[in-house]
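Student: I have a model open and would like to learn how to read its features. Could we go through them in turn?

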Amino acid sequence: MPTTADQTTLHVPQGPALGDAPSRPRPHTGRRARRGKRLLNRSTPYLFLLPALAFMGVGLLYPVCRSVWLSFQDWKLGMAPESAVFSGWENYLSLLRDPNVYTSTGVTLTFAFTVVVLEVLLGVALALLLERPIRGMSLFRTVFILPMMVAPVVVGLIWRFMYSEQFGILNKIAKAVGIGGVPWLSSQEMALTSVIIADVWQWTPFIFILAMAALQSLPASAIEAARVDGANTWQTIWHVKLPLMMPVIIIATLLRLIDAFKVLEVIYIMTDGGPGLSTEILSLHIYKTAFVSQQLGRASALSNLLLLIVLALSVALFVFSKARERQARKVAM
Amino acid sequence: MRIQKALTSVALGAAVSLLALTTALASPYDKYKGTTLVVNFPAHPHYDAVAKVLPDFTKETGIKVEVDKLQYMRMHDKQVLEMSKPQGDYDLISYVIMWKTEYVAKNLLSPLAPFFVNAALADPDYDPEDILKAYIEPVGIVGGKKGYLTGVTGALYGVPFGSETSVLGYRKDIFAKHNLKVPETYDEMMDLVCKFKDLEPGMSGLTSRGAAGHQVGHAWLLHLNPLGGTVFDDHWKPVYDSPEGIKAAQYLKKILDCGPEGGTAFGFDEMKNAFLQGKAAMYLDSVSVAGEAENPEKSKIVGKIGWAPHPKGKVKASQTGGFGIAIPANSKNKEAAFLLLQWLTSKATDKKIALAGGSPSRMSTYLDPELQKKFPYYPMFAEAFKAAAYDWRPLIAEWGELNAPTLGVALSEAMTGKKTIEQAFADIKPRVVEIMTKAGYYSWSK
Amino acid sequence: MAKRRKNSDLGLIGYYALLIALSLVCLGPILLMLTTSLQLKTQIFDDKAHFLFMPTVSNYVAVFEQEHLARYLTNSLMVGLISTAVTLVVGCMAAYALVRFRFMGRDTVSVATLLLRMVPPAVLVVPVFMIWTYDFDLSNTLSGVILVYIALNLPFVVWILQSFIEQVPNQLEEAARMDGANPLQTFFLVVLPVIRPGLAAAAIFTFRIAWNEFILALVLTNRFTRTMPVMVSLYITEHNIEWGQIMAVGTLIAIPPLIFTFIASKQIITGLTAGAVKG
């Protein structure tokens, strides 16, 4: 039964990479088109694109540019916009002097990389372990995607509730087993781990589903060939399956990584950055700088710092995707 | 049941007397009948009590009130947003004491004098002198000494409504069982805090806030003041890391270490519940908990609580804090908003709110015999206000930036053992100086 | 032979055991939210965990009575549905242009769209708040929230829909063109119906983000325009955290996406894999 999922995954190898112009049929540049229609035809793609570009321009691009502009201003929340004064690089210099910014950046990087490594390891391992056509798999898959569908705010609430040292279920269990109370959210050492656990709970299934799809789209011939050569299960995984899955795994990893920098709600609800700055990721720090400390210029400078990190990762994703596509084309030839 | 009966009779009485008045003269409220006022109140026990009384206002005056209830730490952002627009959403706001200077500095509030001089609006029986001095001066007046204290250059911008001071709550039963003396000084209290773990299984010493940010900062200030410390000296030099400041932090660390589990993540709610659920022997924080503590739905320790003044350190200095109400400068219905403000803080309403479980702001309410019978701790509380420290924390416009994101983080790092107290304090010094320099506090000392 | 069979039987049992254990891990916290929302405060605070209890709807009653719940539910639905509808139409057209046409600036648009997908909402909070409040006069309106959600979701939708449009056989469009359809007709009457599964996937993801988003909504709304995630966050108060009611609202927020998951899990998985496996 070829599901749509299988179709899309099957078409991975020759799939065009993001945003570049592979050799594709060009139905609309046919020279046969009549002159009168030509102008219409030439403007057609722009007509189709215009609304999307308008929305993204107003809602994304312009704000980002405005944020760059704002980062050179000194403006307090609650004051009229006219009161903003140009302050040059002062916001950035002040950030560089502030140890909390370094701490927060460190927390962000630790959080993002830890969750992604854990999620990828767990997700891929589970996919390899559970790869077997059985009855009921679609039901299980449905259950596995449930955590991703729950609102981050609600995830934060659920975990904050479960982590409570006074009445949370986790410490009730820990005490029943005799471990004693765990300071989930109240100790500097534990809080980040607790936040990471919540994220791993929500997002490991994402990697799992992707790895599963990748596995199912592997060419049966390659695996058959390995078996004929006498490879055992472990060898097949290590030398055949994993290398073939690698492109998907890497893309999924980068996607998760970029999403990990978007996390805010779960931590806002669970710890609000504490204790100390142990869970104060940059996105939360931006929010607080803007709306608690009310330094809009400084918050914009911080925003640009975060944007820079994410941009670097995006470029990595882009470069990788291009390289993969070139490879794929070579294989196809 | 009894409260309800009392309430209805009071309300009825008020309504009848008002009716009598209206037949004689036009009511001052008539002009504003049908207006809808939008007020921004926090989720807080005092304002829960207010919610029960508020319908009476509409009944008496014909002015409708819509309440936007917000969590109080988030209320600030929303208020600043609304009040900085050309036309705001709010006609009356409840603000936390520490925001007053900032709001006035940003021209966000209406001064109250123009309303009090307007004979058509000001109630001659309002009796402002009856409002507790320890409340109205720190909460309402801006522009006096140091800018945020009272003084001849000051002016009134808000009226206390749900103000608080700190008191010591203790478990009478446990103290009696082990023959313990209720601590009157810090030395006595610090001797006690770690003892309960051994005396009573499952019980801890003193419950305290400890969550990073505002919460742990607040807990530290509770001890800093009695120990004689301040955050800044009279020339705005930061002295939070003075020996007194360090001692206060050491005390707090000991209190948290011997307190209920998870204390370093406690906000007010968790802190209070640890006491009300019987997991701590002592409580040292706002008086606002007193109503709930005797409510069997919310408390497991009904009838077992004794109240005492905040223990004395070098000095007696209990907290001054809590809420005031004020009129945003961009409100569309300022006069009607003033009438509501005046009604809410009047003698009669103050008593009604007290009966409904709120924190009164008037001496007459604390001395009311009917209320003293119902709330036996009232005389003790009335006494506690005399020791309230007006200059409990620097209520400067920059406090928001100094409090949660700076001091609150350093203290949290010290409380959880990430850094030593001295180290944590030293690390934030450059940021504190930067904030103060930028605001111009040191431009006069040059 | 028989031994081997037994082994694989054992393997199968272990296999199912693992699957069930994983399902429990995934479901546990969600179920805990549901059960807590049906408990009284005393049960929630009790030192023992209650697995068997008399469910009560008192939390739901309290939630529906106290707050302007209907208002906030309506807001969330409006924001979710309108922004999803607009995003889909607009995104689909853009994706179609990017796949089927070659034109000046195509690469630039394509790369820019991709890069915009990476922008974290936290980066948008300050400038969007500022622009919406002072330039566009859109703060505190649902339109403002909808506008930013459309922008936020578009790059993703354009991205995953491209892979679906690529699969539409060219002959279909050629045939339509022969019959004299203009590009718009071809798009709406021929292409759109064929990529319906892709649209469903994109719709679910867009709705999910619009329905669940919090931080922008927090900054851009007021008491009239608040959405459900903002509303539930206000329950974390200083003085009284009503966990039963919080979990009741949490359950209400979780229900629509969970329903989608059950009726359209195949589309969701398609969307996930198309989005990521495609690159």
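Student: What should I know about the model and its numbering?

Tutor: This is a predicted model, in which local features need pLDDT of at least 70 and side-chain atom pairs count only at pLDDT 80 or more, while totals for chains, interfaces and linings use all residues. Residues are numbered from 1 along each chain as its sequence is written, and chains are lettered from A and ligands numbered from 1 in the order in which they are written.

Student: How many helices and strands does chain C have?

Tutor: Helices are DSSP runs of H or I with at least four residues, strands are runs of E with at least two, and both are numbered from the N terminus. Chain C has 14 helices and zero strands.

Student: What is the radius of gyration of chain C?

Tutor: The radius of gyration is taken over C-alpha atoms, and the globule rule is 2.2 Å times the number of residues to the power 0.38. For a compact globule of 279 residues the value would be near 19 Å, but chain C has 24 Å. Along the principal axes, the C-alpha atoms of chain C fill a box of roughly 75 × 70 × 30 Å.

Student: What share of chain C is buried?

Tutor: A residue is buried if 20 or more other C-beta atoms lie within 10 Å of its own, exposed if 12 or fewer, and partly exposed in between, with C-beta atoms placed from the backbone. In chain C, 55% of the 279 residues are buried.

Student: How many residues of chain C are in contact with chain A?

Tutor: Two residues are in contact if their C-beta atoms, placed from the backbone, lie within 7 Å. By that rule 90 residues of chain C are in contact with 94 residues of chain A. For classes, Ala, Val, Leu, Ile, Met, Phe, Trp, Tyr, Cys and Pro count as nonpolar, Asp, Glu, Lys and Arg as charged, and the others, Gly among them, as polar. The side of chain C that touches chain A has 66 nonpolar, 15 polar and nine charged residues.

Student: How many residues of chain C are in contact with chain B?

Tutor: Eleven residues of chain C are in contact with 14 residues of chain B. On the chain C side there are four nonpolar, five polar and two charged residues.

Student: Into which domains is chain C divided?

Tutor: Domain bounds come from an automatic or database domain assignment. For chain C the assignment gives domain 1 (2-37) and domain 2 (58-277). Their centres, taken over C-alpha atoms, are separated by 34 Å. Five residues from domain 1 of chain C and eight residues from domain 2 of chain C make the contact.

Student: And which domains does chain B have?

Tutor: Chain B is divided into domain 1 (2-164 + 320-375) and domain 2 (166-319 + 395-438). The C-alpha centres of these two domains of chain B lie 29 Å apart. In chain B, 16 residues of domain 1 are in contact with twelve residues of domain 2. On the domain 1 side, α4(B) gives the most, with four residues.

Student: Is helix α12 of chain B mostly covered or open?

Tutor: Helix α12 (residues 268-276) of chain B is mostly covered, with eight of its nine residues buried. Among them are Phe268(B), Met271(B) and Phe275(B). The buried residues of α12(B) pack against β7 (166-171), β8 (204-207), β9 (280-286) and α13 (290-293) of chain B. Gly278(B), which follows α12(B), has a positive phi, near 80°.

Student: At what angle do helices α4 and α10 of chain A pack?

Tutor: Axes are lines fitted to C-alpha atoms, for helices over the stretch in contact, and angles run from 0 to 180 degrees between N-to-C directions. Helix α4 (residues 99-130) of chain A packs with helix α10 (residues 233-260) of chain A at about 145°, with their axes 10 Å apart. The contact of α4(A) with α10(A) has eleven nonpolar, one polar and three charged residues.

Student: At what angle do α8 and α10 of chain A pack?

Tutor: Helix α8 (residues 188-216) of chain A and α10(A) pack at about 145°, with their axes 9 Å apart. The residues in contact include Trp203(A) and Phe206(A) of α8(A) and Met245(A) and Val248(A) of α10(A).
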